[in-house]
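Subject: Structure handover

Hello,

Here is the structure I promised. Please look it over, then read my notes below.

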Amino acid sequence: MKRVLSGIQPTADSFHLGNYLGAVKQWVDLQKDHDAFYCVVDLHALTVENEPAVLRKRTLAAAAQLIALGVDPNKCTLFIQSHLAEHNQLAWVLECIAGFGEASRMTQFKDKSQKSGTDRTNVGLFTYPILQAADIMLYQAHRVPVGEDQRQHIELTRDLGQRFNSRYGETFTIPEAHILKSAAKINDLQDPTAKMSKSAASNSGVIDILDPTDVNVKKIKSAVTDAGKEVRFDEKEKPGISNLLTIHSALSGRSISDLENEFAGKGYGDFKGAVADVVTSYFAPVRDKTQALLADEKALLEILHVGSEKARVVAATTLAKVYNALGLVPYKK
């Protein structure tokens, strides 16, 4: 089977609906017919300032949510990035063959450094894509499921892998970007022209998976709608209703045209109530399972330990090949 590698940052207390439909749901599908490696990339989260206790809590919550949402440790390798020192070791090697210019051209670094200024931008943000490249090539991944915004980082990964192979012999599998084409483009409930995101000015438009039922019901019933009363999909003229139709369809499995027919002649209030019912019933068992996993931290850590040991077998083999190709003298116990 082709191998896939993808990771998610523990930067919030809960995943939101966009995280699930845009990435995690497709991870669940990919594990069925791929050799899948999925990790909580806690080292990447260090590019912004964190409270240690909060980072630890969010890392475990991310792992628990992945399992609750269907990422099966028996079908994939699930682990925490920082549990394997090989990520940092390979990242240093790749930093030594990466050009300053190509690293500085990464769009995300340019955008963030321009907003905060170079004096307030840490080096980790600059080298972030190179650690990401190490994450990928350490496991000899064939495919990397990512969003379109990460395509440039995958191209850098390919360039670094090809450069190393050219200089030192065939060592790395050169990965391909598996761009996630979510069938559901989920936007903010309060600004339905903008993508649902934790970076939004207000959390009132974000559906958090772990939020209590009443919180998400209130958010959905307070969602911005459009002129008129017709429940009809039209992203230009009716972005608010179109977004709610997309959410309902993505979770219920019903077609948008079917939903339009059901709510023909009914008001927005009835429709919002139906969307709220679908969302809360879908995620209630996910929230319960997540909480159960977090309540037994010892068992959760054991699951992650097993995943880390499986990952280490692959990671250590790759790093040994890299060190040997570079001429580094091997350490013998």
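For residue classes, Ala, Val, Leu, Ile, Met, Phe, Trp, Tyr, Cys and Pro count as nonpolar, Asp, Glu, Lys and Arg as charged, and the others, Gly among them, as polar. This is a predicted model: local features need pLDDT of at least 70, side-chain atom pairs count only at pLDDT 80 or more, and totals for chains, interfaces and linings use all residues. Residues are numbered from 1 along each chain as its sequence is written, and side-chain values use heavy atoms, without hydrogens and water.

Pro 175 comes next. Pro 175 counts as buried because its relative accessibility is 0% (buried is under 20% relative accessible area, with a 1.4 Å probe and protein chains only). Pro 175 and Val 144 lie 31 residues apart in sequence, yet 6.9 Å apart in space, C-alpha to C-alpha. Beyond its neighbours within four places in sequence, Pro 175 is in contact (heavy atoms within 4.5 Å) with residues including Ile 136, His 142 and Arg 158.

Now two helices (DSSP runs of H or I, at least four residues, numbered from the N terminus). The axes of H2 (residues 52-68) and H12 (residues 297-326) come within 11 Å and cross at roughly 75°. Axes are lines fitted to C-alpha atoms over the stretch in contact, and angles run from 0 to 180 degrees between N-to-C directions. H2 and H12 are therefore roughly perpendicular (65 to 115 degrees). In H2, Arg 56 and Leu 60 are among the residues at this contact; in H12, Glu 297 and Leu 300 are among them. The contact of H2 with H12 has eight nonpolar, no polar and two charged residues.

Best wishes

Methods
Parallel < 35°, antiparallel > 145°, perpendicular 65-115°, else oblique. Buried < 20%, exposed > 50% of the residue type's maximum accessible area, 1.4 Å probe, protein only.
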